[in-house]
Amino acid sequence: MSAPATATATATAPRAVAHRTRGTTHGPITRLMSPADLGQVLKPFIFLDLVHFQPGAAQQGFGMHPHSGIATVTFLTEGDVRYEDSTGQAGLLPAGGVEWMRAGNGVWHTGAPVGDAPGLGFQLWVALPAALENAPAHSQYLAPELVPHIGPVRVLMGHYGPAHSPVAAPEGMTYLSVQLARGERWTYTPPAGHTVAWAAVATGALAAGETISAGELVAFEPSGQSIEFVATEATRFVLGSAVPHPHELVMGTYSVHTSQAALQQGTTEIRRIAGQLRQAGRLR
């Protein structure tokens with residue numbers, strides 16, 4: 001007589017952390033990712049800056065400067081930023097709002113903190129697909145109340161569950177801001193095909209198979225597996241997931257494209273816009 005079968009429960013191993021970094025800090029900016037390092041692993045996400053402005057400190061703004069081939073996404077949980085760009089947009093981005101700047105074929109923009117409050121948040125750069133890398137520049141500025149949220153999640157780009165960001169980003173990318181109380185648990189299940197995934201902590205600390213502390217970025221192993229986070233203290237962090245960018249990163253001084261020809265086209269447009277800005281007295 002054979003022995004009865006014994007039921008066993010198989011625990012799913014957490015999605016492994018493949019890379020972690022604290023980046024390099026210059027003044028109020030900590031660059032956690034660039035195309036020279038984790039941007040190659042996590043593309044279309046290619047730059048990530050953790051921004052921490054202090055009231056009254058000097059030289060915390062960004063002078064008028066150009067981009068092409070990429071888009072930037074700026075989101076601060078604390079502090080307000082003034083902005084201006086060569087598409088004609090100018091104004092104030094309050095804490096909790098989102099700036100989407102698709103540089104496309106070329107754009108110039110500037111920004112600086114305003115007021116007496118400290119500033120804390122992230123600026124993300126994403127590589128655009130070939131169909132958009134030389135498209136006309138386009139910018140969107142979302143007030144905090146226009147940023148969709150569901151539970152602890154604010155949807156900065158892409159979608160999460162039924163919540164969709166109004167940002168006109170290419171398909172295949174999701175970017176979320178998450179705020180968890182101490183002990184709170186949250187599981188992220190990426191959309192189909194989103195094998196790229198990373199998280200960066202602004203404040204607090206998380207457990208996601210391994211500990212992730214404030215000021216750290218971790219890249220997860222490529223897969224479609226869910227990621228479970230537990231806040232070991234009150235925590236704010238951002239998370240990105242995407243379909244992998246299929247192109248090489250061809251870099252200029254302020255630009256990232258998919259080919260030398262596309263980069264040259266963007267460089268030409270940046271120079272043309274610079275001439276217009278100088279004539280208008282907006283660029284020295």
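Visitor: In which loop does proline 44 lie?

Guide: Proline 44 sits in the loop between α1 (39-42) and β4 (45-53). Those labels are DSSP runs, numbered from the N terminus: helices are H or I with at least four residues, strands are E with at least two. Before we go on, this is a predicted model, where local features need pLDDT of at least 70 and side-chain atom pairs count only at pLDDT 80 or more, while totals for chains, interfaces and linings use all residues. Residues are numbered from 1 along each chain as its sequence is written, and side-chain values use heavy atoms, with hydrogens and water left out.

Visitor: What is the peptide bond from lysine 43 to proline 44, cis or trans?

Guide: Most peptide bonds are trans. Here, the bond from lysine 43 to proline 44 is cis, with omega near 20 degrees.

Visitor: On to the sheet. In what order do the 7 strands come?

Guide: Strands of a sheet pair through backbone hydrogen bonds, either parallel or antiparallel. In this model the order is β2-β3-β4-β11-β6-β9-β12, an open sheet with antiparallel pairing; two strands count as paired if DSSP finds at least two bridges between them. At the edges stand β2 (24-26) and β12 (138-142), each with a single partner strand, so one side of each has no neighbour in the sheet.

Visitor: How many bridges join β9 to β12?

Guide: There are 5 bridges between β9 (residues 98-102) and β12, and the two run antiparallel.

Visitor: How much space lies in the largest cavity?

Guide: About 50 Å³, where a volume is the space filled by probe spheres set on the points, and grid points are joined across faces, edges and corners.

Visitor: And what is the volume of the second largest pocket?

Guide: About 160 Å³. Of the 13 residues lining that pocket, the closest to its centre are Gly158, His159, Pro170, Glu171 and Met173.

Note on methods: 1 Å grid on protein atoms, 1.4 Å probe; cavity = no way out; pocket = protein on both sides within 12 Å on 5 of 7 lines; lining within 4 Å.
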